[in-house]
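Subject: A structure for you to look at

Hello,

Here is the structure I promised to pass on to you. Please open it beside this message and follow along as you read.

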Amino acid sequence: TATFNGTVSNTGAGGGVYATIKQNKLTVTGRYNYNYNDRPRSNFSSERNYTDSKENQYSDGSSKNKGSFQHGSLEASYEIDTLRLITMSFGMYGGGNDGNGESDNWLMDAAKQQIYDYDVFNNNESSWYSIRGNIDYQRSFSKKVRLLTFSYNINTRPQESDSYRDYENVTGDADRLRPLALNNNRSDGEQNTTEHTFQADYTTPI
């Protein structure tokens, strides 16, 4: 059996599938969903008035963001015989984002003369995931209340990020610009944690 679904809108699209297969002693079930979001660019404008100095600060700009998210799993079981069973599973979820923006910023004095002006450009990208998997071997005995299980589990979480901010077309009064510290900067990050678990369980009545 299999089921499919899909969606689409003016801000993105998505889809998924769910399926189950059973053949003799083997059963496999899987599901996967993916969504993509791409919102239109948004614009902003702001004005700030300084009462003491009669100065006015202005900012005009825009920003754009898009991203994706996905999750899925796969499970399987195989019955070797009436006393032995193997099960496996795999799952993941996570996604990524990409955004950028730009703005023009300037300061005017009381006489409507420009004191300084500068443009800001920024971009950021990131991705993050959580991935897990496990396999179990289960052995029961003639007395069903006794059970022996060996298990292995792995869980990993990779993440990445990259961002920068650039200042361009900087003009105006150097003394007034200096405290703003308009220095280009960039940041890169990458990390991953992985955990392994081995486990043995034996259950018996007392």
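How many positive and how many negative side chains does the chain have, and how far apart do the centres of the two sets lie? There are 21 positive and 26 negative side chains, and the two centres are 16 Å apart. Here Lys and Arg count as positive and Asp and Glu as negative, while His and the chain ends are not counted. The place of each charge is taken as NZ of Lys, CZ of Arg, CG of Asp or CD of Glu.

Before going on, a word about the model. It is a predicted model, in which local features need pLDDT of at least 70 and side-chain atom pairs count only at pLDDT 80 or more, while totals for chains, interfaces and linings use all residues. Residues are numbered from 1 along each chain as its sequence is written, and side-chain values use heavy atoms, with hydrogens and water left out.

**The whole chain**

Helices (H or I, at least four residues) and strands (E, at least two) are DSSP runs, numbered from the N terminus. The C-alpha trace spans about 95 × 40 × 25 Å along its principal axes. The radius of gyration of the chain is 29 Å, whereas a compact globule of 206 residues would have one near 17 Å. That radius is taken over C-alpha atoms, and the globule rule is 2.2 Å times the number of residues to the power 0.38. Of the 206 residues, 22% count as buried. Buried means under 20% relative accessible area, exposed over 50%, and partly exposed in between (1.4 Å probe, protein chains only).

**Salt bridges**

A salt bridge is a side-chain nitrogen of Lys or Arg within 4 Å of a carboxyl oxygen of Asp or Glu. By this rule the count is six. In one of them, Lys 64 meets Asp 38 at 2.7 Å, N to O. This pair links distant parts of the chain, with Lys 64 in strand E5 and Asp 38 in strand E3, 26 residues apart.

Asp 162 and Arg 186 form another salt bridge, with their closest N and O atoms 2.9 Å apart. Asp 162 sits in strand E8 and Arg 186 in strand E9, 24 residues apart. Asp 162 is partly exposed at 22% relative accessibility, and Arg 186 is exposed at 57%. Together with Asp 188, these two residues are linked in a network of salt bridges.

**A buried charge**

Which residue is buried yet has no salt bridge? That is Asp 117, and the nearest side chain of opposite charge, Arg 165, is 14 Å away. Asp 117 lies in strand E7. Leaving out residues up to four places away in sequence, Asp 117 touches several residues, including Trp 106 and Val 170; such a contact means heavy atoms within 4.5 Å.

**Two lysines in loops**

Lys 54 is in the loop between strands E4 and E5, and Lys 112 is in the loop between strands E6 and E7. Lys 54 is exposed, with a relative accessible area of 53%, and Lys 112 is exposed at 52%.

Enjoy exploring,
A colleague
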